[in-house]
Amino acid sequence: MQTTSPNALNRRSLLLAGAGLASATLASIAAASNAWPSKPVRLIVPYPAGGVNDVVARMFGDALTPVLGQPVVVENKPGAGGTLGMAELAKSNDQHSFAFAAISPLTLNPYLMKVAYDPLNDIQAVASVMYAPVYVMATTAFKGKNMADVLAQAKSSKGVSVATSGYGTLAHIMVEQLIRATGGHFVHVPYKGGSQLITDAAGAQFDLLLANPYAPINALIEQGKLRVLATTGPQRMASFKHIPTLGELGFNKANQTSLFGFYAPKNTDMAVVQRFNTEVNRILLGKEMQQRLSKLDNIPTASTPEAFGTVIRKDYALNGMVIEQAGIKAE
């Protein structure tokens with residue numbers, strides 16, 4: 001997970017991107033179409049196979065192959081929170097390598113570990129695709145009913161234990177923002193990876209869990225072992241219309257989402273970037289892809305490469321300030 005302002009790439013930007021397809025720089029796109037791609041396109045996924053990032057990348061790979069006229073080959077390059085795969089992308093120099101990933105390897109991880117690339121200068125943004133909300137969930141260990149009860153307990157001597165998928169993750173940043181906003185006693189319980197986190201959530205080993213929705217989380221919600229108390233994003237989730245966002249509750253800085261998109265090495269020709277962006281947006285604006293993403297609890301977005309790049313740079317700066325203020329150190 002990683003930080004991004006949920007209002008940065010919302011439905012309005014999706015519609016604007018759709019309108020922009022008609023007014024794109026046709027000359028450069030046509031030029032790229034004539035010469036590119038001349039061989040299979042490599043799509044790096046810097047995470048293990050089977051996760052939502054991998055699933056969505058393969059959905060787009062299948063959809064892009066016929067329109068590009070060359071196979072789009074997905075390569076999983078997991079490790080170090082996505083940074084190994086992004087390092088592989090940064091050193092590519094063939095005009096045919098892209099990556100699909102969360103923005104955290106560019107905006108968050110460089111503050112917390114040594115990375116083999118300059119996040120703002122070695123990699124360029126190509127197209128935003130979707131954001132995933134973060135659910136604030138109570139385990140059966142927490143007896144309160146809503147976020148008001150969470151805040152009341154956090155301000156008591158008992159405090160509230162909050163589990164996340166790791167130290168320095170988006171969820172950890174959100175916990176720090178809640179502490180700063182409320183002055184409450186939130187005890188961060190960081191895990192390394194999701195397997196033990198899910199097991200302990202089912203076993204009520206902590207009060208709250210902050211996580212993106214995905215199959216194991218959704219299963220615990222359906223089983224009643226997790227209760228959603230708040231979500232994040234510019235609007236309420238369709239599947240939880242009765243649940244407020246953290247923004248509605250007055251916690252705008254904690255109202256963060258995980259943003260995913262496509263990237264290319266910095267030396268990739270702009271005509272190629274524009275062509276790839278146009279085709280991604282065309283697919284993303286289609287009803288079928290929007291429905292498929294929504295079934296995965298992800299909200300489709302779209303933008304120009306420039307707008308996506310602006311979001312990444314702003315997020316990088318914001319994360320730096322939050323990490324410094326919270327005293328989060330690299331592990």
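Both E279 and R275 are buried, where buried stands for under 20% relative accessible area, exposed for over 50%, and partly exposed for anything in between (1.4 Å probe, protein chains only). The model is predicted: local features need pLDDT of at least 70, side-chain atom pairs count only at pLDDT 80 or more, and totals for chains, interfaces and linings use all residues. Residues are numbered from 1 along each chain as its sequence is written, and side-chain values use heavy atoms, leaving out hydrogens and water.

E279 and R275 meet through their side chains in a salt bridge (3.2 Å, N to O), a term for a side-chain nitrogen of Lys or Arg within 4 Å of a carboxyl oxygen of Asp or Glu. Both residues belong to helix α11 (residues 270-284), 4 residues apart, about one turn of the helix. Helices (H or I, at least four residues) and strands (E, at least two) are DSSP runs, numbered from the N terminus.

The structure holds 8 salt bridges. In one of them, D94 joins K39, with the closest N and O atoms 3.9 Å apart. D94 sits in the loop between α4 (83-90) and β3, and K39 in the loop between α2 (26-35) and β1 (41-45), so this pair ties together parts 55 residues apart in sequence. D94 is partly exposed at 28% relative accessibility, and K39 is partly exposed too, at 35%.

Turning to the sheet, 6 strands form an open arrangement in the order β2-β1-β3-β10-β4-β11, with mixed pairing; two strands pair if DSSP finds at least two bridges between them. Its edge strands, β2 (72-76) and β11 (299-300), each pair on one side only.
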